[in-house]
Protein chains: 2
Amino acid sequence: MRLSLLRERFKPGSEIVSLTEVGMQMRYELYYWPEIQGRGEYVRLALEEAGADYVDVARGDGGIGAMTRMMEASSATPPFAPPFLKAGKLVIGQTANILFYLGGRHGLAPKAEGPRLWVHQLQLTIADLVLEVHDTHHPLGPGLYYEDQKAPAKRRTEEFWKERVPKYTGYFERLLRDGGSTYLTGRRITYVDLSLFQIVAGLRYAFPKRMGGFERKIPGLVGLHDRVAARPNIRAYLESDRRIAFNEDGIFRHYKVLDA
Amino acid sequence: MRLSLLRERFKPGSEIVSLTEVGMQMRYELYYWPEIQGRGEYVRLALEEAGADYVDVARGDGGIGAMTRMMEASSATPPFAPPFLKAGKLVIGQTANILFYLGGRHGLAPKAEGPRLWVHQLQLTIADLVLEVHDTHHPLGPGLYYEDQKAPAKRRTEEFWKERVPKYTGYFERLLRDGGSTYLTGRRITYVDLSLFQIVAGLRYAFPKRMGGFERKIPGLVGLHDRVAARPNIRAYLESDRRIAFNEDGIFRHYKVLDA
């Protein structure tokens, strides 16, 4: 943020905004696996849209070691798993929790309690969907390879597309239709819109055939995806090498047999 | 809350506390399936510990119909799934989100931002564990009956006990040991302690044999379970008919073949 703008914000009579609140002097450290989008991607999208100053630690010189050391270090608040975000003295884990924190600081969520909880609730519902996406290729648990659970993966994926995708996307379609606005909760973008962009992009990557037939049923989500992708900061991010390509180690994996 | 105590709180010079904050005049409506503990139980435990005024709507005369009507009603914030809580004009969904809301109002979470996010983060990790418990009997998805997925359920349960239970419980054991206090985050109970009580109780119900051998590895969690169970409001609740018994429609199910 430019100093002139900062001075503007702090001049007498202007709304009082703390340095932390405008993101000044705060360089966030994001800790996540360096070779996948995974759950970290929802945080990256928020940081990028906000134009926040951040470093994607495990993608730097320290690599994964820097991340695992943080998890093992004696600390009062060790995260259970990546992603986690270091924000000054705080270390915040759980994707939706990180977004809750960032949303309040970077204008990516409403300030009032009710709307703020509502946006968080929507993110938690997206988190449930993300877990179900993961389970399509890992129905027997995260500890086994996909190759060791191909048959149950096929069955779970059928169920996922028959019951779960229509249920989740139908819910968000209804909200978009009833809201009738640019973004899910109004004219201002929130981290939920960024996450729904990622859901559409991910389903397209993992299941191109199935999505090809399904997209006409979710015009609201497809339109939202396009509006998010066209935002300057997001477009610049998607074109940069900071955006890791989808691949078969992440949450959204393209296995032809699951897309039949 | 007695009026005399209320007057005490509001007399000049005392800390300013809003009526909402002390839970006055607010009768919560909890909406959840009436015949299982399920995810609603984490909310029930918080309401009971807080001594909050609430009605478990679907267990009343309106039954499940009262709940589904709320979900289908035209509303700006329809919940995706139960449980959800009506608190005045707010309708709050997602278990961890409800607890975040209640925790701040009833002294079941710290007030400061960092500790409050930390407690929420722990709850989200518990939510992940709860979902993995559910997947032990539903690895192919929530849409199929257990009877249609017995073989994969057996495999997922083996993986769950080999890898996931030690990982999750080891994490909370470490926190309890390092914290060295009565409850997970200090001397004051939070909704996370209530939820961990439920985890221990649930694992005991679903997997009595496995837990019998495993409990010596988690003395911290067993101790915490006992301290929570001994709290007057929780004890009274557990002895009342408001506490639904564990059964094979909930999250924690006892199937002998999975407990071998």
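Before we begin, one term: helices, of type H or I with at least four residues, and strands, of type E with at least two, are taken here as DSSP runs and numbered from the N terminus. With that convention, A:P83 falls in the loop between α3 (63-72) and β3 of chain A. Please bear in mind throughout that this is a predicted model.

I shall stay with that loop for a moment. The peptide bond leading from A:P82 to A:P83 is cis, and its omega is near 0 degrees. In chain B, a cis peptide bond likewise joins B:P82 and B:P83, with omega about 0 degrees. B:P83 is placed in the loop between α3 (63-72) and β3 (84-87) of chain B.

Let me turn to the strands of chain A. Strand β1, residues 28-31, runs parallel to strand β2, residues 54-56, and three bridges join the two. Within this pairing, A:E29 has A:V55 of β2(A) as its bridge partner. What do β1(A), helix α2 (residues 40-50) of chain A and β2(A) make together? They form a β-α-β unit, and the unit is right-handed.

Strand β1(A) is also joined by three bridges to strand β3, residues 84-87 of chain A, and here the two run antiparallel. In this case the bridge partner of A:Y31 is A:F84 in β3(A).

I come next to a backbone feature. Most residues other than glycine have a negative phi, and most peptide bonds are trans. A:Q94, which is not a glycine, has a positive phi of about 75 degrees. This residue lies in the loop between β4 (90-93) and α4 (95-105) of chain A. Is A:Q94 buried or exposed? The threshold for a buried residue is 20 or more other C-beta atoms within 10 Å; A:Q94 counts as buried because it has 27 C-beta neighbours inside 10 Å.

For chain B, the phi of B:Q94 is positive and near 75 degrees. B:Q94 sits in the loop between β4 (90-93) and α4 (95-105) of chain B. It too counts as buried, because 27 C-beta neighbours lie inside 10 Å.

Which residues have the most contacts inside the largest nonpolar core? They are A:A46, A:L196, B:A46 and B:L196, in a core of 123 residues. Taking A:A46 as the example, and leaving aside residues up to four places away in sequence, its contacts are A:L99, A:L102, A:L108, A:Y191 and A:L194.

Thank you for your attention.

Notes
Residues are numbered from 1 along each chain as its sequence is written. Chains are lettered from A and ligands numbered from 1 in the order in which they are written. This is a predicted model: local features need pLDDT of at least 70, side-chain atom pairs count only at pLDDT 80 or more; totals for chains, interfaces and linings use all residues. Two strands pair if DSSP finds at least two bridges between them. A crossover is right-handed if, with the strands pointing away from the viewer, the path from the first strand over the helix to the second runs clockwise. A residue is buried if 20 or more other C-beta atoms lie within 10 Å of its own, exposed if 12 or fewer, and partly exposed in between; C-beta atoms are placed from the backbone. A nonpolar core is a set of buried Ala, Val, Leu, Ile, Met, Phe, Trp, Tyr and Cys residues joined through C-beta atoms within 7 Å. Two residues are in contact if their C-beta atoms, placed from the backbone, lie within 7 Å.
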